Amino acid sequence: MAFVTRQFVRAMSSSSAASAAAKKIMVKHVTVIGGGLMGAGIAQVAAATGHTVVLVDQTEDILAKSRKGIEESLRRVAKKKFAENPKAGDEFVDKTLSSISTSTDAASVVHSTDLVVEAIVENLKVKTELFTRLDKFAAEHTIFASNTSSLQITSIANATTRQDRFAGLHFFNPVPLMKLVEVIKTPMTSQKTFESLIDFSRSLGKHPVSCKVVMVPWVDFFLTGDGARVPRACDRLCRASCPPFWFACQESPLSTPEASGGRFGSRQHPGHPLE
Ligand SMILES: NC(=O)c1ccc[n+]([C@@H]2O[C@H](COP(=O)([O-])OP(=O)(O)OC[C@H]3O[C@@H](n4cnc5c(N)ncnc54)[C@H](O)[C@@H]3O)[C@@H](O)[C@H]2O)c1
């Protein structure tokens with residue numbers, strides 16, 4: 001009888017784990033809005049890891065420059081990665097570039113995307129207007145993510161009707177080199193969305209971190225010091241001291257997703273909830 005019970009419990013737990021996993025979105029198609037420094041890097045990394053990507057910006061000229069920058073960056077990667085086999089390097093560059101298409105009309109390309117990553121100008125009004133518009137055109141399952149460094153994810157998410165499918169996805173510059181990605185969950189972000197973004201970040205070869213509390217005292221000091229300049233100061237600090245910061249984020253049970261962007265517990269999650 002005990003054996004039957006054990007088998008039953010095991011079967012139930014494995015089937016519920018399987019159904020939880022089944023609910024996650026497997027991101028295959030990504031739309032990156034903004035082809036500047038960060039957006040181009042995100043598009044490059046996503047395409048190089050087997051995703052199809054649409055890169056969106058305001059003009060064809062900007063997109064042409066982005067594409068050129070991506071190609072140059074890919075050639076540098078290929079030179080190192082395929083030092084012994086230049087032909088394989090060329091194939092890698094061509095294949096990656098062929099996975100990236102471009103558009104100047106975000107609304108017309110988001111209907112079939114799994115994930116929208118926004119990396120446009122750091123302006124709340126411009127970002128919320130963009131997401132309000134895209135919300136009407138994107139598929140039901142599509143996850144929205146912002147790469148903002150200093151704005152509240154909740155404020156941007158509130159401009160949409162999909163707060164449960166909205167989160168922060170904060171990459172570091174230069175995106176192809178920096179392994180850390182902060183996955184920022186708002187109180188409305190669903191677990192499914194959060195886990196889908198963790199999986200997506202891992203699929204890019206990145207180290208996603210999720211944290212709810214101030215972990216590093218010096219970061220807290222900067223965060224509580226001075227409103228608007230704080231996020232920039234923290235970004236600079238984190239970039240300057242990446243190895244110890246990464247180490248801390250990856251090893252500590254109190255990881256910190258919102259550290260470098262100035263969106264620490266107290267701002268994004270009042271009360272510093274611990275998960
Ligand atoms: N630069 C960094 O080190 C860094 C690091 C982490 C996060 N971020 C964040 O990433 C975002 C982008 O930063 P960046 O440095 O790449 O900026 P950037 O100025 O290099 O690029 C922004 C791009 O967005 C485009 N754009 C602006 N409005 C648009 C719109 N409505 N639709 C489509 N495209 C639009 C611009 O034409 C430009 O090409 C910001 O939110 C920033 O805070 C930046």
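In which helix is I153 found? I looked this up first: I153 sits in helix α7, residues 153–157. For my notes, helices (H or I, at least four residues) and strands (E, at least two) are DSSP runs, numbered from the N terminus.

**Ground rules**

I am working with a predicted model, where local features need pLDDT of at least 70 and side-chain atom pairs count only at pLDDT 80 or more, while totals for chains, interfaces and linings use all residues. I number residues from 1 along each chain as its sequence is written, and side-chain values use heavy atoms, with hydrogens and water left out.

**Entry 1: I153 again**

Is I153 buried or exposed? I153 counts as buried because its relative accessibility is 0%. My cut-offs are under 20% relative accessible area for buried, over 50% for exposed, and partly exposed in between (1.4 Å probe, protein chains only). I also checked I153 against I184: they are 31 residues apart along the chain, and their C-alpha atoms are separated by 7.8 Å.

**Entry 2: the whole protein**

I count twelve helices and eight strands in the protein. Of the 275 residues, 49% are buried. I took the accessible surface next, and it comes to about 13500 Å², with 59% belonging to carbon and sulfur atoms. Those areas come from the Shrake-Rupley method with a 1.4 Å probe, and for residues only the protein chains shown count as cover. Among contacts (heavy atoms within 4.5 Å) with a separation of 6 or more, 69% are between residues 24 or more positions apart.

**Entry 3: the largest pocket**

Rolling a probe the size of a water molecule over the atoms shows where empty space is left. On a 1 Å grid over the protein atoms alone, a pocket is an open set of points where a 1.4 Å probe fits, with protein on both sides within 12 Å along at least five of seven lines; lining residues have an atom within 4 Å of a point. Grid points are joined across faces, edges and corners, and a volume is the space filled by probe spheres set on the points.

The largest pocket has a volume of about 630 Å³. I find 27 residues lining it, and Q44, S73, V77, P176 and L177 lie nearest its centre. Helices α2 (37–48) and α3 (60–81) each supply at least two lining residues, and α3 gives the largest share, ten residues. By class, I get 13 nonpolar, eight polar and six charged residues in this lining. Here Ala, Val, Leu, Ile, Met, Phe, Trp, Tyr, Cys and Pro count as nonpolar, Asp, Glu, Lys and Arg as charged, and the others, Gly among them, as polar.

**Entry 4: the second largest pocket**

The second largest pocket has a volume of about 330 Å³. Its lining has 14 residues, with I33, D57, Q58, I120 and L130 nearest the centre. Helix α6 (residues 124–137) gives the largest share, four residues. The classes here are eight nonpolar, three polar and three charged.

I checked the length of α8 (residues 191–203): at 1.5 Å a residue its 13 residues should span 18 Å, and its end C-alpha atoms are 18 Å apart, which agrees. The expected span is 1.5 Å times one less than the number of residues. In α8, the buried residues include T193, F194, L197 and F200. The buried residues of α8 pack against several strands, among them β1 (29–33), β4 (115–118) and β5 (143–146).

In α4, A88, G89, F92, V93, T96 and L97 are buried. These buried residues pack against α2, α3 and β3 (100–103).

**Entry 5: backbone details**

Most residues other than glycine have a negative phi, and most peptide bonds are trans. Just after α8, G205 takes a positive phi of about 85 degrees. I also noted a cis peptide bond joining N173 and P174, with omega about -5 degrees. P174 lies in the loop between β6 and β7.

**Entry 6: two partly exposed residues**

A64 is in helix α3 and counts as partly exposed because its relative accessibility is 47%. G36 lies in the loop between β1 and α2, and at 36% relative accessibility G36 counts as partly exposed. G36 and G69 are 33 residues apart in sequence and 9.6 Å apart in space, C-alpha to C-alpha.
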